[in-house]
Amino acid sequence: MIQLFHVTKTYPPKSQALTDVHLEIGKGEFVFLAGPSGAGKTTLLKLLFREEEPTEGRILIDGKNITRLNSRGIARLRREIGLVFQEFKLLPRLSALENVALAAEVVGMPRRESQTKAYQLLREIGLRDRYDAKPLTLSGGEQQRVAIARALVNDPLIVLADEPTGNLDAEAADETMRLFLKIRENGTTILIASHDLELIKRYGSRVIALRQGRVADDLHRVQQEGSVG
Ligand SMILES: Nc1ncnc2c1ncn2[C@@H]1O[C@H](COP(=O)(O)OP(=O)(O)OP(=O)(O)O)[C@@H](O)[C@H]1O
Ligand SMILES: [Mg+2]
């Protein structure tokens, strides 16, 4: 689903964020991208949704080379990818429902359909009673769940999350991770950048560790049934 071949990223003038990264992530995998601050985690995610272009190398998503895309191609790529951020990035003036629905409307889903879909997602995610709430009246964990619903509204192949639990307490972080595991059950590929080693230990079935822009480790672990509580 995600393939990187000899990918290098240098930010001008000469900040080398990634060096010769080779990676393959299969459909439906649940993967942590670990590594200390500055290791290149965010850069790698940005390359995958084409916010940045690699300096060298090739990236394939679902078999398609994304290193050469025109703006229509980029728009199509981004429809296949749901994004989740540490700081949620919800629009404060819109309700939870509107935040989720808008993400579908901007790619052409009729308003009614997008609202119905948004409501269904919020219900599944346990926010049925808060669909009308403005983001700032929700807890951090609830806001992140709205953001995850938004990431899912266009049925993406891949969900990319950058430190999604960074602003959450332990309980909300656990809830968020359980939600990601549930999303993965229907075949969505999930890649989570995090430097929270405790969280990674508890939930990571595969951990790709970056160090100074290189893949330092790629550990596959068998997920213990029930170990995630
Ligand atoms: N826009 C930019 N311009 C120049 N250098 C950058 C830019 N973005 C990132 N870098 C550099 O690239 C390297 C990797 O940064 P990146 O943000 O990918 O790391 P990270 O692993 O996400 O770190 P953190 O855990 O702190 O979020 C760092 O040395 C950083 O200073
Ligand atoms: Mg980062």
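Two strands are said to pair if DSSP finds at least two bridges between them, and strands themselves (E, at least two residues), like helices (H or I, at least four), are DSSP runs numbered from the N terminus. With this in hand, one can look at L60, which stands opposite N65 in β5.

The model is a predicted one, in which local features need pLDDT of at least 70 and side-chain atom pairs count only at pLDDT 80 or more, while totals for chains, interfaces and linings use all residues. Residues are numbered from 1 along each chain as its sequence is written, chains are lettered from A and ligands numbered from 1 in the order in which they are written, and side-chain values use heavy atoms, with hydrogens and water left out.

Strand β1 (residues 2-11) is joined to β2 in the antiparallel sense by seven bridges, and here V7 has V21 of β2 as its bridge partner. Strand β1 also runs antiparallel to strand β4 (residues 56-61), with five bridges between them, and T8 stands opposite E56 in β4. Between β4 and β5, again antiparallel, there are two bridges, and in the hairpin that these strands form, with two residues between them, D62 takes a positive phi near 50 degrees.

The size of an interface is often given as the accessible area lost when the parts come together. Domain 1 and domain 2 bury about 980 Å² between them, 69% of it on carbon and sulfur atoms, where buried area is the accessible area (1.4 Å probe) that two parts lose on being put together, summed over both. Across this interface the rule finds one salt bridge, a term for a side-chain nitrogen of Lys or Arg within 4 Å of a carboxyl oxygen of Asp or Glu. The side chains of R145 and E175 meet in a salt bridge at 3.3 Å, N to O.
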